[in-house]
Amino acid sequence: MTAKGYDYVIVGGGSAGCVLAARLSEDPAARVLLLEAGGTDRHPFYHLPAGFAKMTKGIGSWGWQTVPQRHMDGMVIRYTQGKVIGGGSAINAQIYTRGNALDYDEWRQMGCEGWSYEEVLPYFRKAEDNDTWENRWHGKGGPLGVSKPSAPLPICEAYFAAAAALGIPRNDDMTGETQEGAGYYQLTQRNARRASTAMAYLAPNRGRANLTVRTGAQVRRIVVESGRAVGVELMDGGRINAGREVILSAGAIGSPRMLMLSGIGPAEHLAEVGVTPVLDQPGVGSNFQDHLDLFVIAEVTGPHTYDRYAKPWWSAVAGLQYLATRKGPVASSLFETGGFWYADKGARSPDIQLHLGLGSGIEAGVAAMPNGGVTLNSAYLRPRSRGTVRLASADPAAAPLIDPNYWEDSHDREMSIRGLKLAQEIMAQAALKPFVLAERLPGPEVRTDEDYFRFACRHSKTDHHPAGTCRMGSDPAAVVDPRLRLNGIAGLRVVDASVMPTVVSSNTNAATIMIAEKAADMIRADA
């Protein structure tokens, strides 16, 4: 340790924090501390792919929810955020998608120098240990297991045929040359086990003498002295000093929350809740973006999905099958099939993402079919609406006020409903008739635009892709600069999905890992 304690103190052991801890501790002279408020990932649900079904229902989560959504009839949505080592990567559906190349080129056009697609692609490849491809788009030998599904079902092939009947082509690599089409997603798995960043990056390096990992260590605030972040104060009153940098990797909800608890944020709001402002930064907690998920649920004609395995006897059978073969329901992320297509035919790239759920009632708040079902989720990928993360009070134990502000812009509502109708069309195709008995939600009674609106206000959820709340940019209003240094406070960086100026057009986990890989190189270069 240096005289000040550690060189780097990383707040948040999630998708980004674990990557940073592993990469920065590659330098034996750098003393690295990783602090995670949640617990360990010892429970088997964190490692079994199908454990995802338990995750949105509360395991390893902060237990937060949104404020009432004023453009959706006051709907309140459960908002799962990881509270466990590995963070979101330990509880998500393990879907490995990166967004569209144009997402990153637009970041560069918005003033984020160094973040064009060609500049970030090497970091995607560096992270990967891909079991299928090694080419311009994919790498082998990296820490992160990226695998094709090990347990697809015949209904998945029928789904591809149904999509093709509507002109949606088969695409075997939606993170490669082109994004559009339907196919199997690659998954953050290795040997049919979840590859969270805790397992992929942290576990192999826990023995390093210069790396300390503390779970159950919740930070109260970042300590700022004379305009510089010098360490952190824990909830138990202890203080830890950082000789070089404090790195905030608490996620798109947790990072702005921690900044505001530390007095860094919109000064007027901070004063209202009783926090003494340290730096007036209106951008902290603003620019909040997320993907809203609308879904079709159909009853199936027989045991074509994994619903029956929710029953104790079948669950035991599935467990034995997994132990013997590493296949079957336990090896499935349950959402390993999907695709990218268009709600707006003039869009610059696909603006709808589909996830085929191999069952019903998989996630919290989603209806289950008594005789078994199949789910097709749709999400509009480039929302124009912007929300906020704010403090409810100065109490660091209080839940934040999470307001995605869904459908503030009517364009998002129109595109989302178009995406839902596309999902309905796919489910109604002849190729799926042997598997699908009938659509149950939305159902035939939902016909008009007003019907669809009312349906969405009762049956929709987050896609768990919050982003943008500590926006990166080169303009004075940006929270962090393109090297992810906090504007106005020295020795402090933010490295997670909160720095995305716009949310990527897909799931966000792979992009967050890329951001951390790139940040680690920048941090070492700046040191």
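In the predicted model, one aromatic cluster is formed by Tyr104, Trp107, Trp115, Tyr117 and Phe124. A search of the whole structure finds 13 aromatic pairs. In the pair of Tyr104 and Trp107, the ring centres lie 5.0 Å apart and the planes meet at 70 degrees; since an angle over 60 degrees counts as edge-to-face, the pair is assigned to that class. Both residues belong to helix 3 (residues 101-109), where a spacing of 3 residues separates them by about one helical turn. Tyr104 is buried, with a relative accessible area of 0%, and Trp107 is likewise buried, at 0%.

Trp115, another member of the cluster, touches Tyr104, Trp107 and, among others, Val120, Met472, Pro482, Leu484 and Met514, when residues up to four places away in sequence are not counted. The largest nonpolar core comprises 167 residues, and Trp115, Ile222, Val232, Leu259, Leu484 and Leu486 have the most contacts inside it. Helix 12 (residues 509-526) gives the most to this core, contributing 10 residues. Apart from this core lies another, of 5 residues, including Tyr46, Met55, Ala90 and Ile91.

Helix 7 (residues 251-261) is largely enclosed by the rest of the structure, because 11 of its 11 residues are buried. Among them are Leu259 and Arg257. The charged end of Arg257 is placed over the ring of Trp62, 5.4 Å from the ring centre. Helix 7 is followed by Gly263, which has a positive phi near 90 degrees. A further charged end, that of Arg413, sits over the ring of Phe453 at 4.0 Å from its centre.

How values were computed. Residues numbered from 1 in each chain as written. Predicted model: local features only at pLDDT ≥ 70, side-chain atom pairs only at ≥ 80, totals over all residues. Heavy atoms only, no water. Buried < 20%, exposed > 50% of the residue type's maximum accessible area, 1.4 Å probe, protein only. Helix = DSSP H or I, 4+ residues; strand = E, 2+ residues; numbered from the N terminus. Core = buried A, V, L, I, M, F, W, Y, C linked by side-chain atoms within 4.5 Å. Contact = heavy atoms within 4.5 Å. Phe/Tyr/Trp six-rings, centres within 6.5 Å; stacked < 30°, edge-to-face > 60°. Lys NZ or Arg CZ within 6 Å of the ring centre and 35° of its normal.
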